[in-house]
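Please examine the sequence and the three-dimensional model shown below. The paragraphs that follow lead through the structure step by step.

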Amino acid sequence: MEGIVVDCGDALRASEPEYVRMGTVLETLDSALGGWDNPLCAPKAGGAWNGCTDAFAPVQLAMRTMMIARKEIALEACLDIYEGNGFIPDERSEFIRAANKYADRTMRNRNRFTDYAVSDEVWDYWAAVLAGKK
């Protein structure tokens, strides 16, 4: 966010895994901006994040960052499948077999912000792309 200075002090180290660095930044923002007392921290009825374009809540940032990170893992896994298999299967069970065979290292990388992914989740993202939804 422009205009918001995040000073994590000595807690933020480049040598730490991505999930530790992201967690440190998000915890610092959460503390600086009101934590759970911030009225924008939780979704309203129906899951809408009311006011998300007018104000800033760290929990929103954390959730949105996590969703982007999950999509990045899925994209990397799809690239692994393509490189190993020569194509990306468009049928669920074949896709999952290929993902487990060619993208296991990418999906199981625990040093990421969102830990590891499973082939079913990667399939869900790929199926959405095939359907023109994402």
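With which residue does R92 form a salt bridge? The partner of R92 is D120, and the closest N and O atoms of the two are 2.8 Å apart; a salt bridge here is a side-chain nitrogen of Lys or Arg within 4 Å of a carboxyl oxygen of Asp or Glu. R92 belongs to helix 3 and D120 to helix 5, so this pair ties together parts that are 28 residues apart in sequence. R92 counts as partly exposed at 41% relative accessibility, and D120 is likewise partly exposed, with a relative accessible area of 35%. In these terms, buried means under 20% relative accessible area, exposed means over 50%, and partly exposed lies in between (1.4 Å probe, protein chains only).

Residues are numbered from 1 along each chain as its sequence is written, and side-chain values use heavy atoms, with hydrogens and water left out. The mean pLDDT (the predictor's confidence in each residue, from 0 to 100) of the protein chain is 78, and 69% of its residues reach 70 or more. Confidence is lowest in helix 1, at a mean of 77, and highest in helix 3, at 95. Where pLDDT is low, the predicted coordinates should not be read in detail.

The protein chain has 5 helices and 0 strands, where helices (H or I, at least four residues) and strands (E, at least two) are DSSP runs numbered from the N terminus. Of its 134 residues, 30% are buried. Among contacts with a separation of 6 or more, 47% join residues 24 or more positions apart; contact means heavy atoms within 4.5 Å.

Leaving aside neighbours within four places in sequence, I81 is in contact with residues including F95, A98 and A99.

Helix 3 (residues 92–102) has F95, I96, A98 and A99 as its buried residues. Seen down the helix axis, these fall within an arc of 165° and so line one face of the helix, the arc being that of the directions from the axis to the C-beta atoms. On the other side of helix 3, R97 and K101 are exposed.

The structure holds 3 salt bridges in total. R70 pairs with E121, their closest N and O atoms being 2.4 Å apart. Because R70 lies in helix 2 and E121 in helix 5, this pair ties together parts that are 51 residues apart in sequence. R70 is buried, with a relative accessible area of 13%. D104 forms a salt bridge with R108, with the closest N and O atoms 3.2 Å apart. D104 is partly exposed at 32%, and R108 is partly exposed at 39%.

Methods:
This is a predicted model: local features need pLDDT of at least 70, side-chain atom pairs count only at pLDDT 80 or more; totals for chains, interfaces and linings use all residues.
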